[in-house]
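Thanks for coming. I will go through one model today, region by region. Please put the sequence and structure up now.

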Amino acid sequence: MESEKIKKVLDFLDGKGFVYDYYEHPEAPTIAIAKEFWRQDGSKHCKNLFFRNHKGNRHYLVALDCERDLDIHDLEQRLHQGKLSFASPQRMEKYLGITPGSVSPFGLINDEENHVHLFLDENLRKYDLLSFHPNDNRATVVISKAEFARYLQEVGNTFEYIQMY
């Protein structure tokens, strides 16, 4: 079942010597559906949202604990980036090479111009293992906090941890 999107992520991780776990499962475009297939491996599964600013010239990927809800107006206040709206599927494809339901920080490997800024929930720092789709919602990659930090350095996009709630 390994798609081209998954293959690209795994090839990137393998090529850079990252340590991670990978498993496949049925399509899971929402957190509610994904919960049925997640392994009980101690990792923190993340919710990932892709936004654009009002002018459409800045794009933000936001990763947070999947158990948390996010108020977009509260997020606008915390980020100080002006009015935000969800980015269109066309923008997801252009900047991250992904489609709705598969948003992931692994999409940053497709952002060759490092256009997208990543905001990470400060609370994610307390987990040793994090889980994300590998740009396809039919699989999950589990990666340690240290390896994920190394991944972020490797892709080169700007990022920061912020208190989201």
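Asparagine 114 sits in the loop between α4 (89-96) and β5 (117-121); helices here are DSSP runs of H or I of at least four residues, strands are runs of E of at least two, and both are numbered from the N terminus. Before going on, the sources: this is a predicted model, in which local features need pLDDT of at least 70 and side-chain atom pairs count only at pLDDT 80 or more, while totals for chains, interfaces and linings use all residues. Residues are numbered from 1 along each chain as its sequence is written, and side-chain values use heavy atoms, with hydrogens and water left out.

Asparagine 114 is not a glycine, yet its phi is positive, at about 55°. Most residues other than glycine have a negative phi. Is asparagine 114 buried, exposed or partly exposed? Its relative accessible area is 30%, so it counts as partly exposed; buried means under 20%, exposed over 50%, and partly exposed in between, with a 1.4 Å probe and protein chains only.

Asparagine 135 also has a positive phi, near 70°. Its place is the loop between β6 (129-132) and β7 (139-144). With a relative accessible area of 2%, asparagine 135 is buried.

Next, the nonpolar core, meaning a set of buried Ala, Val, Leu, Ile, Met, Phe, Trp, Tyr and Cys residues joined through side-chain atoms within 4.5 Å. The largest one has 31 residues, and those with the most contacts inside it are Phe50, Leu61, Leu96, Leu108, Phe148 and Tyr151. Which elements each supply at least two residues of this core? They are α1 (4-15), β2 (44-53), β3 (59-65), α4, β5, β6, β7 and α5 (145-155).

Take leucine 61 from that list. Leaving aside neighbours within four places in sequence, leucine 61 is in contact, meaning heavy atoms within 4.5 Å, with residues that include Asn48, Phe50, Leu96, Val103, Leu108, Val116 and Phe119. There is also a second, separate core of eleven residues, and it includes Phe51, Tyr60, Val62 and Leu79.

Now the aromatic rings. A pair of rings is described by the distance of the centres and the angle of the planes. Rings of Phe, Tyr and Trp (its six-membered ring) pair if their centres lie within 6.5 Å; planes under 30 degrees apart count as stacked, over 60 as edge-to-face and the rest as tilted. By this rule there are nine aromatic pairs.

In one of them, the ring centres of tyrosine 60 and phenylalanine 119 are 5.7 Å apart and the planes are at 40°, so the pair is tilted. Tyrosine 60 is in strand β3 and phenylalanine 119 in strand β5, 59 residues apart, and the pair links distant parts of the chain. Tyrosine 60 is buried at 2% relative accessible area, and phenylalanine 119 is buried at 3%.

Phenylalanine 132 and phenylalanine 148 form a stacked pair, with 4.9 Å centre to centre and 25° between the planes. Here strand β6, which holds phenylalanine 132, is linked to helix α5, which holds phenylalanine 148; the two residues are 16 apart in the chain. Phenylalanine 132 is buried at 2%, and phenylalanine 148 is buried at 1%.

Glycine 101 lies in the loop between α4 and β5. With a relative accessible area of 23%, glycine 101 is partly exposed. Not counting residues up to four places away in sequence, glycine 101 touches Ala28, Pro29, His133 and Asn137. From glycine 101 to arginine 138 it is 10.0 Å, C-alpha to C-alpha, and 37 residues in sequence.

Arginine 68 is in the loop between β3 and α3 (72-79). Arginine 68 is partly exposed, at 38% relative accessible area. Setting aside neighbours within four places in sequence, its contacts are Lys47 and Tyr165.
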